[in-house]
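Good morning, and thank you for coming. Please look at the sequence and the structure as they are shown.

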Amino acid sequence: MTITYTLDVSSAKFSCFARLLMRWRGSIWKSVYRELGSWLIVYSLLSALYRMLLNKQQKHVFEDVVAFCYVYSDFIPLTFMLGFYVSLVVSRWWEMFNCLGWIDNIALYVAAYLHGTDEWSKMARRSIVRHMVLLEAMTLRDISPVVRRRFPTEESLQAAGLITATEVKAMKEIVSPNGKFWTPVQWSMSVIRQARQRGNITSERAVKEIYDRLREYRTALGMLQCYDWVPIPLVYTQVVFLAVRSYFVIALIGRQYVDGERHSVIRSPIDLYIPILSILQFVFFLGWMKVAEALVNPHGDDDDDFECNYLIDRNLQIGFSIVDGACNQELPLEKDAFWSDQVP
Amino acid sequence: MTITYTLDVSSAKFSCFARLLMRWRGSIWKSVYRELGSWLIVYSLLSALYRMLLNKQQKHVFEDVVAFCYVYSDFIPLTFMLGFYVSLVVSRWWEMFNCLGWIDNIALYVAAYLHGTDEWSKMARRSIVRHMVLLEAMTLRDISPVVRRRFPTEESLQAAGLITATEVKAMKEIVSPNGKFWTPVQWSMSVIRQARQRGNITSERAVKEIYDRLREYRTALGMLQCYDWVPIPLVYTQVVFLAVRSYFVIALIGRQYVDGERHSVIRSPIDLYIPILSILQFVFFLGWMKVAEALVNPHGDDDDDFECNYLIDRNLQIGFSIVDGACNQELPLEKDAFWSDQVP
Amino acid sequence: MTITYTLDVSSAKFSCFARLLMRWRGSIWKSVYRELGSWLIVYSLLSALYRMLLNKQQKHVFEDVVAFCYVYSDFIPLTFMLGFYVSLVVSRWWEMFNCLGWIDNIALYVAAYLHGTDEWSKMARRSIVRHMVLLEAMTLRDISPVVRRRFPTEESLQAAGLITATEVKAMKEIVSPNGKFWTPVQWSMSVIRQARQRGNITSERAVKEIYDRLREYRTALGMLQCYDWVPIPLVYTQVVFLAVRSYFVIALIGRQYVDGERHSVIRSPIDLYIPILSILQFVFFLGWMKVAEALVNPHGDDDDDFECNYLIDRNLQIGFSIVDGACNQELPLEKDAFWSDQVP
Amino acid sequence: MTITYTLDVSSAKFSCFARLLMRWRGSIWKSVYRELGSWLIVYSLLSALYRMLLNKQQKHVFEDVVAFCYVYSDFIPLTFMLGFYVSLVVSRWWEMFNCLGWIDNIALYVAAYLHGTDEWSKMARRSIVRHMVLLEAMTLRDISPVVRRRFPTEESLQAAGLITATEVKAMKEIVSPNGKFWTPVQWSMSVIRQARQRGNITSERAVKEIYDRLREYRTALGMLQCYDWVPIPLVYTQVVFLAVRSYFVIALIGRQYVDGERHSVIRSPIDLYIPILSILQFVFFLGWMKVAEALVNPHGDDDDDFECNYLIDRNLQIGFSIVDGACNQELPLEKDAFWSDQVP
Amino acid sequence: MTITYTLDVSSAKFSCFARLLMRWRGSIWKSVYRELGSWLIVYSLLSALYRMLLNKQQKHVFEDVVAFCYVYSDFIPLTFMLGFYVSLVVSRWWEMFNCLGWIDNIALYVAAYLHGTDEWSKMARRSIVRHMVLLEAMTLRDISPVVRRRFPTEESLQAAGLITATEVKAMKEIVSPNGKFWTPVQWSMSVIRQARQRGNITSERAVKEIYDRLREYRTALGMLQCYDWVPIPLVYTQVVFLAVRSYFVIALIGRQYVDGERHSVIRSPIDLYIPILSILQFVFFLGWMKVAEALVNPHGDDDDDFECNYLIDRNLQIGFSIVDGACNQELPLEKDAFWSDQVP
């Protein structure tokens, strides 16, 4: 589910942002608490080992390793890599969001151009809406495990009322090793053609206009499949993922508070049992990384992922409402409240 | 309210920019003075504590903590994170601005294509404008607390003259769990269809052209809702917010001027009571952060937020002016001043 | 005036770029010489003070302050902030440039679609061009102090021949608290409608095509007003401006060549009277900043600002040339030079 | 072949990403193992040389060289250069992907507008699809060595059924020193014109709509050729390539664990035989570089390259399926499952 | 000439990239060898001076200066400035490339819509192509010194067959202080209008479609002039240019290998006669800079500049081929090879 917090930040006061930090769902705390917990446990075990179990000579070895890890962890170019990677992921994430199909324009155009109050016209209008939502469901099933769980089989689509038995049969008759995402579009185009022949659509221009809306919708959903098919190269994701993780694995040792007698670089002014600043760093870097991890596939189960199932339901309902509204009585025009004012 | 300062910077002279610094509304000073004040108070208390109350041994502990905080505050990757985050927020802010609807194109097209000087035509033209402004008000109510305060209920929209009683009733009759933002568009399309049937619009092409303008307007406002519904992932905002704040919490201690005998890193050449450079740093980083905080939801109360209420009024007024102007007498053509010049 | 130097850099030879450095107008030298001069004077005064007037103890204090300023000036995150800010300003600057209206497409379409060789047709064509240039002048007056100086009052627009007395009167009759930028567009649309009725325009499609060109032009100019109305948030500009300036104020002291006996960090290998490298740094950072300062409002007086007045004149002249050319005799077609070649 | 891993990362759990690391195809491991292996071998030889063969004086020289390489390798501005370069390459890579042609829109429009169930109509529809796939194959042959291997000669295109003997002959008759990529488009346009004359296409508008789809497709493929013709400037690629490689050549020596007695900078707290952190750094930087190397020409043999051959086959099959579906019986309209519900 | 190397990098093997380094044209080696050579000569002279001519005291002064230059060269913010500047230049370079006009779409539309096999039709079609290529040549003459050398005068355009004597005369008759780039477009539009009147073009829609293509082409070329007229602000180019050069001027001294007795920072572990790592750094930074220098005006003489002359020839040839092909016999439709397969 998408986490909306914009109302919380409608003004840039400190209190607004403090409240923001209290949230749990979709928050940094929820993202990192598991890994931070594990990290702290291992850190503590190592710390206890050093402080309680090792003899002097072993301690010296441990200190050497600590100094080694502390110094050379600079070799990992973390900040930059993360910065560029997160930028890339965020921009792809938003482009993907823009590819999600909204039924509104299609439905408004169908309602405006496909006239008639008889049953056939109503069926035609509703069919086009249904086909488009079916296309969306078919596409999202392919991409999102959440939608896939809702529609595990083609039968479940039929059970949900998105496709009729006749259509299932027609679709099965098509022999095609590749996806059949074009069938609902073709059905809709065929409905429009019939409506034109019956005179429910009164001009060629109207046909073209509805086709244009269908095409925009289909092209966006096709693009969505492409984003899924060709993700950010695996190497890039792995490099960044590994860099962050290995940085903190090394920090497990490198950030231990040990006797700094022998190595000035790790000589800490105070001996803390809890590595506060390392924890902060952990939270920031891992939180930053988690932004990327959640957005790299925004159709999944994360708190911040797109609500694909909601979108399908919403499109079906809004689409039907709009096209059914087309048969309604037209509102009579009235003079508005500013009719005789020079300036409203 | 938007802060316009472009005239102040029409030339890149030093004086122009000096004048810019004197401003208060929307300025860096107004953004940070509260938090800077609090920070300075806590800083002073700590400083006084160290200088006056602690004994020598306690001072040593304090110095250790200062050295610790000073050294390890480098762990927080502030600059980069802020740089990338502010970039992202600024680009989304501008995209959101571009989604705000301007009535001009719709009104000009309606005025140009929907002919007739009788009362019905005038009502038709004004209705379309009113519906579109209503759509804008409905959308902004959902997003902006400022507009919400102006139109707390649907009745307030009616009181403001944006919607008529008949329309309120019609809208209430529609059963829909989701928003009904499409209704004003459908009403307008229906008005256009009637005008076509009555002959006020003389061609199918004109119908299509006005529909196109309505669609662009509606799509932009729909996009605006999406920007509100799917903000920058909460984790990202939290990470950056926390990083800046914790950096300065640590600096509260790390930037104290203490006796540097025992720790060379914090041995300051001079002992200042006021940490001038830390204050500067505070102003720069927090000011930078405030850019992001103000822009992350640009429909709120901040000085720099979009003036949504003004936009609604402006669109209503300009829209009515344009469509009423359509009935005006046409201007007679005249020869221009360069009529007989070869080159003007 | 825009500074064009592309021909100078048509090849990437050293000499080309050396020549580039010799320029004065719009150059880095012209941008920074004033501030660099002031900085050097204050620097010299401080240097003289230290070398000549202070006694030993005072010198020690001075040296302490120098060391302090030298060390902690690192707190100011200059490079990054400037990098991101300049990127933002440059991209907005170019988007603004793209919003400046060019009359060519409108004029070519009017010439192609609005037929007729009588006086009325010629007046109609020229009126449309004039109205569009008027719209541009009205818009730029609002934004650019340079154009405002040229057209201080509405009368000056009339004197310049951009608007006729009848039109001024018509515009004054419109009661509108907001700008009347839509009036010239509406006049043009009305001219087109008349031409359609008189048969000078032979199809509805042509009407639509010219309307489209007018709309593109108007929308771009409206966008330009938005860029002016909603600039980069003031805080951001102030933060960057302050950061650069305070960096160099601190450098005034921090970069003094003093006796480094007591502070190793400022122990310079040689004692220079002129701080060559600090000057270089000053030139680079301030020059970089000046890029942003000049571009943040590109309609002003700076060397690199857009030549708005030229654009208005150019559009008027080109527009009239194009639409008058429409009445010209058509050129007879000829066989080209490659008529009988298989491959030209 | 494209490496799809989005399902693996549908939630941001640690386990998901751990699984991601296990992959081989397209992975960082496969990218770097060869170069990492070579590097380790040379590193070990040098290490063995130092530890076993050199006498004391030679060791001193070796240590000096190590210290030298260690210190001055900072001169290479690796991180930034890589960051900016990879950003550029990734954005070009995605733009190239968007230029790959998808037949769907063309086929759907042809099926919708080009009526008729006789053999001629079917041939016409199929020809247009075939011509467009031929255009794609011709374009990709020019760009991708993989497609070139599949279609080494023009005859192989004929053998694959993408072009007929008549068409091959017609194409050969055209005398043109430049590519003949426009011929299939012209053939298709000619087929559409014939269909219009025979009445299979019933309006001029339909002709225009199909032309538009063909043009979009052709323009995208033309753009693809441009991306191939004008790559990122060679200098840029060379600079980044060289920087990464020379950094690690220098690291071969600079990262040796030697006796740090004489040079404090290289005095490592522990003496490792395996330079773990240098290996990690190697993996990260080289992996990052490999992202760029694989994407700079995404039509090649790399694991992450676009599957051009698949695309050709897919377009042919989907295209034929769509246009043949046009002749199918139209589906009868039915009431949907929510027919009598107020809200679905 | 554009340097195409994409085939070389079709797979990300080490050997591919090694081969890439061997290239000379457009390579980093060719870019930097002159400046690197000069730098090395001055460096050697200074080195010889220090090693051979100076006495002990002079040597000490020299060493001081070296230490000074070495330490303070950090003041120059090279990497970032270059990174942001190169990003900007590269993105403008590609936008400029996209503004270069390709005749294909125009020619295909003219061939498809302007019917007729008589001489007049052929002349009409060829004229439109010729006018458009003329427009391109006129535009590029203004921008590119290479094209200017090819067409130094307007007569040379006539000699090249791009413009006829009648047209030259017509163009000269137009009094216009500004460029006359619109004349070829107007001539073409006039030809289309004549063709419409003669019936060679059968619908108003076709006229509009060809106009659209002409407009796209003209607008792109107009944009190209704008890119030339309003380059990246001179200050920015100068700042970056100066920063790189002064960095290496300072390095001439700062990177000398001198006796480090007295200054620990410049104490090099080994005394090299050849400053290998400084050379590498020189190559990388200057190479990076050269990317920008070559692309800042991509219409010049550099190896990587656009091949404007080729483009003009190519457009003329392809344009004529396409429009002449229109008269050709239409190909008879045939059944394709997969006619009876269910799945191809």
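Predicted model: local features only at pLDDT ≥ 70, side-chain atom pairs only at ≥ 80, totals over all residues.

Residues are numbered from 1 along each chain as its sequence is written, chains are lettered from A and ligands numbered from 1 in the order in which they are written, and side-chain values use heavy atoms, with hydrogens and water left out.

Let me begin with symmetry. By a turn of 72 degrees and a shift of 0.0 Å along the axis, chain E can be laid on chain C with an RMSD of 0.0 Å. This is the relation of a five-fold axis. Copies are superposed here by least squares on the C-alpha atoms of residues with pLDDT of at least 70 in both.

Next, the interface of chain E and chain D. How many residues does the contact take from each chain? Chain E gives 88 residues and chain D gives 89 residues, where contact means heavy atoms within 4.5 Å. About 8200 Å² is buried between these chains, and carbon and sulfur atoms give 69% of that area. Buried area is the accessible area (1.4 Å probe) that two parts lose on being put together, summed over both. On the side of chain E, Leu277(E), Phe284(E) and Leu333(E) supply 9% of the area buried against chain D, more than any other three residues.

Four salt bridges are counted between chain E and chain D; a salt bridge is a side-chain nitrogen of Lys or Arg within 4 Å of a carboxyl oxygen of Asp or Glu. One of them joins Lys335(E) to Glu119(D), at 2.7 Å from N to O. The side of chain E that touches chain D divides into 51 nonpolar, 22 polar and 15 charged residues. In this scheme Ala, Val, Leu, Ile, Met, Phe, Trp, Tyr, Cys and Pro are nonpolar, Asp, Glu, Lys and Arg are charged, and the others, Gly among them, are polar.

Now the interface of chain E and chain C. Here 89 residues come from chain E and 88 residues from chain C, and the buried area is about 8200 Å², with 69% from carbon and sulfur atoms. Phe75(E), Trp229(E) and Leu234(E) lose the most area to chain C, together 10% of what that side buries. There are four salt bridges between chain E and chain C, and Lys208(E) forms a salt bridge with Glu209(C), with the closest N and O atoms 3.9 Å apart. The side of chain E that touches chain C holds 47 nonpolar, 19 polar and 23 charged residues.

Which surfaces do the copies use? Only 5% of the interface residues of chain E are also interface residues in chain D, so the copies meet through different surfaces.

Finally, chain A. An unreviewed UniProt entry places the annotation "transmembrane region" on residues 36-53, 65-88, 239-258 and 270-289 of chain A; positions follow the numbering used here, feature names are shortened, and annotations may be inferred rather than shown by experiment. Residues 65-88 of chain A are 79% helix and 0% strand, with end C-alpha atoms 36 Å apart. Helices (H or I, at least four residues) and strands (E, at least two) are DSSP runs, numbered from the N terminus.
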